[in-house]
Amino acid sequence: MKKKVEVKEVRTDLHNRRSFLKLSGLAVAGTGLLLVGCNNDDDGGGGNTPDANQLPGIRNGVFDLGGGDLGILTYAYALEQLEADFYTRVVNSNSFGSTFNAEEQQILTDLYNHEVIHREFFRTAISGVLQDEPDRVLPDLQFNYGSLNFNDRLAVLNTARALEDTGVSAYNGAGRYLTTPDYLVIAGKIVSVEARHAAAIRDLLNPGSASFAGDDIVDANGLDPAQMPSQIISAVSDLEFITTPFTAMYLE
């Protein structure tokens, strides 16, 4: 029996001067797209049937992200958990109002809302596909930002830039491994949002410059980088923000 998760459209104020950010963040939630998974009692003929041997879940006492399309979605869910947690801490910092000016506060709040939407989108979608096996859904990860000073404007914005640039290259690199067209549509929508985030943060750091699409992040063909999941997981591990251990045995 097929399982479906429908993400309903959410509308926002078209007259807001920053609605380009607001709408981009809600674009994924507005697709009305159905994510379809297959139960074990399906006839096995569908291309969406996950490989039972590569499903996300506990292996050797540690959660593994799994492989195939569902593994890639779980990998994206882990990254969205990190970004959502980071911006949650930024906007809820006691010094948020004094560290950032009004425009910066609005932009960072928009980004916070987007990342929470992305996180909850993946949580709902993956939980729907695996509704009979909730233990295979990636649990809530725990984070620790060490010495990062959330009262330091440049430290926060530089960390945000690193996370957003990483997110763009992660989606670009993972897209090639998706075999289900609907999932590729989702990844394409979200990566376009993440690229807008990266550009917005870079503009806050270097206003009036070409940094929003700088040579350090856009190649000679006008393309953002694409990194394999193993490269991204290594880079995120180097940041030491995620304290919950997990493995990625089936992701390249």
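This briefing walks through the main features of the structure shown above. The model is a predicted one, and its protein chain holds 7 helices and 5 strands. Read along the sequence, those elements follow the pattern β-α-β-β-β-α-α-α-α-α-α-β.

**The chain as a whole**

- Of the 252 residues in the protein chain, 48% count as buried.
- The accessible surface of the protein chain comes to about 12200 Å², and carbon and sulfur atoms account for 49% of that surface.
- Among contacts in the protein chain with a separation of 6 or more, 77% are between residues 24 or more positions apart.

**The largest nonpolar core**

- The largest nonpolar core has 57 residues, and the members that touch the most others are Tyr75, Phe86, Phe122 and Ile201.

**Helix H4**

- H4 is made of 28 residues, and its first and last C-alpha atoms are 41 Å apart.
- That span is close to the 40 Å expected at 1.5 Å a residue.
- At the start of H4, a side-chain oxygen of Asn101 comes to within 3.1 Å of the backbone nitrogen of Glu103.

**The three-stranded sheet**

- An open sheet of 3 strands runs in the order S3-S4-S5, and its pairing is mixed.
- Strand S3 (57-59) and strand S5 (246-247) stand at the edges with a single partner strand each, so one side of each has no neighbour in the sheet.
- S3 pairs with strand S4 (residues 62-64) in the antiparallel sense, over 3 bridges.
- Within this part of the sheet, Ile58 stands opposite Phe63 in S4.

**Asp64, a buried residue in a strand**

- Asp64 sits in strand S4.
- Asp64 counts as buried because its relative accessibility is 0%, and the cut-off for buried is under 20%.
- A polar atom of the Asp64 side chain lies 3.3 Å from the backbone nitrogen of Ala248.
- Not counting residues up to four places away in sequence, Asp64 touches Pro56, Gly57, Arg59, Thr247, Ala248, Met249 and Tyr250.

**Two loop residues with positive phi**

- For context, most residues other than glycine have a negative phi.
- Asn60 has a positive phi, near 55°, and is placed in the loop between S3 and S4.
- Asn60 counts as exposed because its relative accessibility is 80%, where exposed means over 50%.
- Glu240 also has a positive phi, near 60°, and is found in the loop between H7 and S5.
- With 61% relative accessibility, Glu240 counts as exposed.

Conventions:
Residues numbered from 1 in each chain as written. Predicted model: local features only at pLDDT ≥ 70, side-chain atom pairs only at ≥ 80, totals over all residues. Heavy atoms only, no water. Core = buried A, V, L, I, M, F, W, Y, C linked by side-chain atoms within 4.5 Å. Buried < 20%, exposed > 50% of the residue type's maximum accessible area, 1.4 Å probe, protein only. Helix = DSSP H or I, 4+ residues; strand = E, 2+ residues; numbered from the N terminus. Expected span 1.5 Å × (residues − 1). Polar contact = N/O pair within 3.5 Å; in protein donor to acceptor, adjacent residues only side chain to side chain. Pairing = 2+ DSSP bridges. Contact = heavy atoms within 4.5 Å. Areas by Shrake-Rupley, 256 points an atom, 1.4 Å probe, with all protein chains shown as cover.
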